[in-house]
Amino acid sequence: MTDAPHIPVLLRPLIAALAPIKGIWLDGTFGAGGYTRALLDAGADKVFAVDRDPSTFEMAQAWAGQYGDRLQMREGRFSQLDALAGEPLDGVVLDLGVSSMQIDQAERGFSFQKDGPLDMRMGRDGPSAADLVNEADEAHLARILFLYGEERQSRRIARAIIAARPVTTTLQLAEIVKSCLPRQKPGQSHPATRSFQALRIAVNEEYDELFEGLAAAERALKPGGLLGVVTFHSVEDRMVKRFMQLRSGATGNANRFAPEVEGPPPAFELVGRKAVAADDDELAVNPRARSARLRIARRTDAPAGRAEPAALGMPVLDKGEKRR
């Protein structure tokens, strides 16, 4: 694992929790293929490997042949995983966020520590981060930084970005953000961390992808099928937690004095009440796992339904704000 360009997070506890692994699975965030290979090696008959980044499949050519037709690679977004698979699934796994491979490639524009074009697109389509910071108005830009990055100085940073336009490189943007914030203290994260996270989420529509991906998994999974999701920050984990609670009927009655209202039959059963975190052994090898959380749910035979974004605590831009 340590020789790989991207170390799959929480892989051992994921595979253990999903066992026995058999049938048809889908890895919605293929990346370097760590989860896909583990699923195939653990006994999956077939795995659909989905990623919006075509370069991931090019890198996989060195080893993909050993699995033959058991490995089916599909370029696309995991929000469309049910259509990309085209058949019922025994399991779905999602490893959210940006991969270390993408961060390490300066030309992809994800890193505030490597100079490169301000891109941040996980795929190759759609507007880039440069398009966003150079075309959005100040209020919209500040809203993105606050809502998606929880950046308290969002207005000041947005104002500085507007004044410095055109902003075309990662280090240029990082310096702009840094100039708006107090000097970084030892042990603190880089001042641009929140802003870069916010722009990346906006460019790749990550919260929309997660919301639609969870719904697609509910549609695609067979009765008894398993959904495993690894998240890396609190908003993602909140969305996954509330989705699994809501769709399993485990949200409880908000008012103990009100009569219970019978809802639709639950579409999932929770597998464990608490999220799984990395143990000390994994953290020693892969510090990136420190914030990772794994949640798992099992599909019932109830018809697929639909949750609402607000019920999952999903940050949503005001109507008409996207791509403005």
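**A salt-bridge tour**

Select Arg77: this residue is partly exposed, with a relative accessible area of 21%. Here, buried means under 20% relative accessible area, exposed means over 50%, and partly exposed lies in between (1.4 Å probe, protein chains only).

The model is predicted: local features need pLDDT of at least 70, side-chain atom pairs count only at pLDDT 80 or more, and totals for chains, interfaces and linings use all residues. Residues are numbered from 1 along each chain as its sequence is written, and side-chain values use heavy atoms, with hydrogens and water left out.

Arg77 and Glu209 form a salt bridge (a side-chain nitrogen of Lys or Arg within 4 Å of a carboxyl oxygen of Asp or Glu). Their closest N and O atoms are 3.5 Å apart. The pair links distant parts of the chain, 132 residues apart: Arg77 sits in the loop between strand 3 (71-75) and helix 4 (81-85), Glu209 in helix 11 (residues 206-220). Helices (H or I, at least four residues) and strands (E, at least two) are DSSP runs, numbered from the N terminus. Glu209 is buried, at 7% relative accessible area.

With Arg77 and Glu209, they are linked in a network of salt bridges.

Next, pick Arg200 and Glu206. Their side chains meet in a salt bridge, 2.7 Å from N to O. Arg200 counts as buried at 12% relative accessibility, and Glu206 counts as buried at 9%.

Last stop: Arg159 and Glu138. Their salt bridge has its closest N and O atoms 3.6 Å apart. It joins helix 8 (residues 154-164), which holds Arg159, to helix 7 (residues 138-149), which holds Glu138. Arg159 is partly exposed at 46%, and Glu138 is partly exposed at 33%.

How many salt bridges does the structure hold? It holds 14.
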